[in-house]
Amino acid sequence: MSEPAVLLVDADPAIRDSLSTLLGLNGFTVRSFATGSALLRALDHSEVHCVICEAELPDTTGVDLFRALRDTSHTWPFALLVSQRNPRTLRHARNAGITHIFSKPLVHRHLLSFVSDLDIRGSVE
């Protein structure tokens with residue numbers, strides 16, 4: 001059986017490449033997507049470690065994608081990446097139940113710590 005994957009959703013190919021490289025070099029399998037709908041179409045029975053998602057995608061928002069995943073009983077750990085610390089976006093994210101929010105530009109060690117700590121906590125479902 002393959003290792004649980006980090007699902008990465010960001011419209012910017014440079015961000016996807018950078019984070020995929022960072023996570024891959026630290027031992028994580030990464031599946032990346034440019035849109036929320038691409039991620040939803042690709043969901044299968046593979047194990048998932050967590051989801052890392054940009055707040056504003058071309059076809060949806062990160063908060064709406066989080067809700068769509070929850071509506072289909074996917075309760076994986078979820079991190080939201082925000083380009084601007086807009087109070088309204090942060091409020092919507094928190095109200096939806098998103099507890100891990102990272103501002104861009106990212107401090108890579110903080111994001112890596114989030115993903116790595118999931119192994120310690122046993123949060124992979």
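The paragraphs below go through the sheet of this predicted model, the helices on it, some single residues and a pocket. Residues are numbered from 1 along each chain as its sequence is written. Because the model is predicted, local features need pLDDT of at least 70 and side-chain atom pairs count only at pLDDT 80 or more, while totals for chains, interfaces and linings use all residues; side-chain values use heavy atoms, with hydrogens and water left out.

Begin with the sheet. Helices (H or I, at least four residues) and strands (E, at least two) are DSSP runs, numbered from the N terminus. Five strands form an open sheet in the order S2-S1-S3-S4-S5, and their pairing is parallel. Two strands count as paired if DSSP finds at least two bridges between them. Strand S2 (29-33) and strand S5 (100-103) are at the edges; each has a single partner strand, so one side of each has no neighbour in the sheet. On average, neighbouring strands of this sheet are turned by 20° against each other, direction ignored. Such angles are taken between axes, which are lines fitted to C-alpha atoms (for helices over the stretch in contact), and run from 0 to 180 degrees between N-to-C directions.

The pairs can be followed one at a time. S1 and S2 are joined in the parallel sense over five bridges, and Leu8 has Ser32 as its bridge partner in S2. S1 also pairs with strand S3 (residues 48-54), again in the parallel sense and over five bridges; here the bridge partner of Leu8 is Ile52. S3 in turn pairs with S4 in the parallel sense over four bridges, where Cys53 stands opposite Leu80.

Five of the five residues of S1 are buried, so S1 is largely enclosed by the rest of the structure. In a regular strand the side chains alternate between the two faces of the sheet.

Leu80 lies in strand S4 and is buried, at 0% relative accessibility. Its C-alpha atom is separated by 9.6 Å from that of Val9, 71 residues apart along the chain. Leaving aside neighbours within four places in sequence, the contacts of Leu80 include Cys53, Ala55, Val63, Ala93 and Ile101.

Some residues in loops also deserve a look. Asp10 is in the loop between strand S1 (5-9) and helix H1 (13-25), and Asp10 is buried, with a relative accessible area of 2%. Beyond its neighbours within four places in sequence, Asp10 is in contact with residues including Phe33, Glu54, Leu81 and Lys104. Lys104 is joined to Pro105 by a cis peptide bond, with omega about 0°. Pro105 is in the loop between S5 and helix H5 (108-121). Ser73, in the loop between H3 and S4, is exposed, with a relative accessible area of 62%. Phi of Ser73 is near 70°, a positive value in a residue other than glycine.

The last stop is the largest pocket. On a 1 Å grid over the protein atoms alone, a pocket is an open set of points with protein on both sides within 12 Å along at least five of seven lines, and lining residues have an atom within 4 Å of a point. The largest pocket has a volume of about 170 Å³. Grid points are joined across faces, edges and corners, and a volume is the space filled by probe spheres set on the points. The lining includes Asp64, Arg67, Leu80, Arg88 and His92. Helix H3 (62-71) and helix H4 (87-96) are the elements that give two or more residues to this lining.

Key:
On a 1 Å grid over the protein atoms alone, a cavity is a set of points where a 1.4 Å probe fits but cannot get out, and a pocket is an open set with protein on both sides within 12 Å along at least five of seven lines; lining residues have an atom within 4 Å of a point. Buried means under 20% relative accessible area, exposed over 50%, partly exposed in between (1.4 Å probe, protein chains only). Contact means heavy atoms within 4.5 Å.
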